[in-house]
Amino acid sequence: GPTAPEMKSTTSRKENGFNSSFTSEDFWFTVKNNNIYVISLANRTAEKISVKSLYECRQKIKSIKMLGNNESLKWEISADKVKVFLPLPANTGMPGFVLKVALQ
């Protein structure tokens, strides 16, 4: 995404806090087994998101789920990104969310 957070060290974050604003296009990723976890630190404000980084593995996506919600989400390939349709309600008041992308 467009935001480049400045993270110096754990000590710096402890002393100064972690102050950064993230957009709906900013994602962090981690991998475990055949799953990619897409982490958003921004509040949900829309019913769909676009994740450009998933485009490279689009042929291997088996399912996408939001942690805390067991149903598979609808998704589609569009241009150079994967669009994921999020479950309602869009604004839960919780900061951020995590998607579990299961690969074949």
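Which pattern does the protein follow when read along the sequence? The pattern is α-β-β-β-β-β-β-β. The model is predicted, so local features need pLDDT of at least 70 and side-chain atom pairs count only at pLDDT 80 or more, whereas totals for chains, interfaces and linings use all residues. Residues are numbered from 1 along each chain as its sequence is written, and side-chain values use heavy atoms, with hydrogens and water left out.

Begin with a cartoon view of the whole protein, which has one helix and seven strands; these are DSSP runs, helices being H or I of at least four residues and strands E of at least two, numbered from the N terminus.

Next, display the surface. Of the 104 residues, 32% count as buried (under 20% relative accessible area; exposed is over 50%, partly exposed in between).

Now select residues 61–66, strand S4, and within this strand pick Ser63. Ser63 counts as buried because its relative accessibility is 17%. Beyond its neighbours within four places in sequence, Ser63 is in contact with Ser72, Lys100, Val101 and Ala102 (contact means heavy atoms within 4.5 Å).

Finally, select Asp80 and Lys81, whose side chains meet in a salt bridge at 3.6 Å, N to O (a side-chain nitrogen of Lys or Arg within 4 Å of a carboxyl oxygen of Asp or Glu). A search of the whole structure finds one salt bridge. Asp80 is partly exposed, with a relative accessible area of 39%.

Key. Buried means under 20% relative accessible area, exposed over 50%, partly exposed in between (1.4 Å probe, protein chains only).
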